Structure formats: structure tokens, C-alpha cells
Amino acid sequence: MTPSHIAFIMDGNGRWAEHRHLPRKYGHKMGTKTLDLVVNLAMKYEVKTVTFYAFSTENWTRPKSEIDYLFQIFRRFLSEIDKYRDKNVRLRFIGNLAKFPADIVDSCEKMVSETAKNDGLNVVIALNYGSWEEITTAVNSLLASGKTSVTKDDVVSALYTHDIDFPDLVVRTGGEVRLSNFLLLQSAYSEFIFTDLLWPDFDEKAFVSVLDEYASRVRKYGGLKS
Ligand code: IPE
Ligand code: IPE
Ligand code: MG
């Protein structure tokens, strides 16, 4: 089976550049090419949804110069609406966007509204995303609505991902074996693949091997193997 939704933790950009004695920003620049490639591969291999972890709530602790460069990259990505519209891609964002510069927030909103009717690949970008922030925001909004007890459906509908299926597969590049505050609830029953490849080196061969590995997994959801 092909996973319907793959979520990528795009890690290893900085090290990719450092290994070449280049400033870290070159790694981020090369990482955007990989994102482009993976969007095309998702269409080619008929994955329905891809989520990319682009900026975490913890990434604010990085030097301002690196954060500013990442903003530049986001601005360039957001300026390419036509590219995604032409590919019938529907774009959405998860995370606390309000912390970003106003022009980035506006461009995100524009991208979402101008691709809202597309019914091809769903692309979800996690920007200033962190599961703890997501969950506390959800709890506060449920409390503000007057609820004194909640169901699972209430919680799901209060998450940033309320209109997005949970990931079947979470892939992390860059060799670290951790989730770094990414989709903690949504990945409760996801499969996980951790690869040592750095994100700028992730290519079609790696993508296909991730699909093959997923196809070999048996998902049981607490039941017995059928
Ligand atoms: C991931 O690459 C991209 C972001 C977190 C924005 P890193 O920048 O974390 O790269 P490494 O882990 O330092 O190599
Ligand atoms: C995770 O990578 C966040 C993103 C890919 C956006 P990090 O490089 O920030 O994670 P840690 O610090 O290694 O856990
Ligand atoms: Mg990293």
C-alpha cells in the first residue's frame, strides 16, 4: 500500500552545508530544491498529502541571521503561487503563523485561498509549529467555548490539523531519532522511518525506498495481525 499522507521532518540542511565548509544558509537553499522534488514525487507516486516541518516553535532560539534567511526562503516559496496552482496543488499551513512578519502571514493566507479549490496533491507546511503550542491553544479554545469536558472529536477539531488526515508515515532525514515536537498526537499510530540522509541529499531513490519500507510494515492499531 502507498501511504496516503507522509509527513517529513526536513532535517540536516545545516550539516549538509557545514560538511562542504559553506554557510548553513546554503543548506537551507538546497533544502528548498528537495521540497520541490518531493512535491513532484508525491504526485508521481500518488501520495495524497505531504506535510513538511519547515520551522518549529523551538527554532526561534537560532541566530537572528539564520531566522531572517529562512524568512527569505519562505517569501520566495510563497511567491510561487502559480507553480502550485498549475499543478492542482492545495496548500495549507499549520502552526502559529501570527508570530511571523505580517507580509508572510498575508502571503500564506493568499496561497491558501488561491489553491483552496484544487483537488490534486495536498501540501501542508508546518510553520512555527510545535505540538505543545498546538495542544495548549486547542485546550484554551475549547475552554473559551464554554466546554467543561471534551471528546476526542472536540480535541481533533481544535487542532491546526482539524481538516487534514493523520499521517500514515513520518519520515525524518538527518540521522536524529526524535520527533522534535512534531505532530505528537497525530502520529499516535503512524509508521516512522528515520534516515541518515541529509535533507538536501534526499532523492527519488530514497523516496521510493521509503515507500517500499512502508509497504512492508504491518499496521495493527492494537489488534491482531490479519
Ligand atoms: C532543518 O535543518 C531545517 C530547519 C530546522 C529549519 P537544520 O537547520 O536543523 O540542519 P542541521 O540539523 O543543523 O543539520
Ligand atoms: C526539527 O529540526 C524542526 C524542523 C525540521 C523544522 P531541528 O533541527 O530543529 O530539531 P532538533 O533541534 O535537532 O531536535
Ligand atoms: Mg536540525
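A polar contact is a pair of N or O atoms within 3.5 Å; within protein, one atom must be able to donate a hydrogen and the other to accept it, and residues adjacent in sequence count only if both atoms are side-chain atoms. The model is predicted, so local features need pLDDT of at least 70 and side-chain atom pairs count only at pLDDT 80 or more, while totals for chains, interfaces and linings use all residues. Residues are numbered from 1 along each chain as its sequence is written, chains are lettered from A and ligands numbered from 1 in the order in which they are written, and side-chain values use heavy atoms, with hydrogens and water left out.

**View 1. Polar contacts and surroundings of ligand 2.** An oxygen atom of ligand 2 lies 3.2 Å from an N or O atom in the side chain of R62. The side chain of R178 likewise places an N or O atom 2.8 Å from an oxygen atom of ligand 2, and a polar side-chain atom of D11 is 3.1 Å from an oxygen atom of this ligand. The protein covers 79% of the 390 Å² of accessible area that ligand 2 has on its own (Shrake-Rupley method, 1.4 Å probe). The residues around ligand 2 (a heavy atom within 4 Å) include Y53, A54, F55, N59 and R172. Strand 2 (residues 49-56) provides the largest share of this shell, 3 residues. Strands are DSSP runs of E with at least two residues, and helices are runs of H or I with at least four, numbered from the N terminus.

**View 2. Ligand 1 and its shell.** Ligand 1 is surrounded by 13 residues, of which the closest are M10, D11, R15, R24 and R62. A backbone N or O atom of R15 is 2.7 Å from an oxygen atom of ligand 1. From the side chain of R24, an N or O atom lies 2.9 Å from an oxygen atom of the ligand, and a polar side-chain atom of R62 lies 2.7 Å from an oxygen atom of ligand 1. Of the 380 Å² of accessible area that ligand 1 has on its own, the protein covers 87%. Helix 1 (13-18), helix 2 (24-44) and helix 3 (64-78) each supply at least two residues of the shell, and helix 1 gives the most, with 3 residues.

**View 3. R172 in strand 5.** R172 belongs to strand 5 (residues 169-172). R172 counts as buried because its relative accessibility is 4% (buried means under 20%, exposed over 50% and partly exposed in between, with a 1.4 Å probe and protein chains only). Its side chain reaches the backbone oxygen of R178 at 2.7 Å, and a polar contact of 2.7 Å joins the side chains of R172 and S180. Leaving aside residues up to four places away in sequence, R172 touches (heavy atoms within 4.5 Å) several residues, among them I9, D11, I193, F194 and T195.

View 4. R20 is placed in the loop between helix 1 and helix 2; with a relative accessible area of 39%, R20 is partly exposed. A polar atom of the R20 side chain lies 2.9 Å from the backbone oxygen of W16. K25 is found in helix 2 and counts as partly exposed at 38% relative accessibility. K25 and I73 are 48 residues apart in sequence, and their C-alpha atoms are 9.7 Å apart in space.
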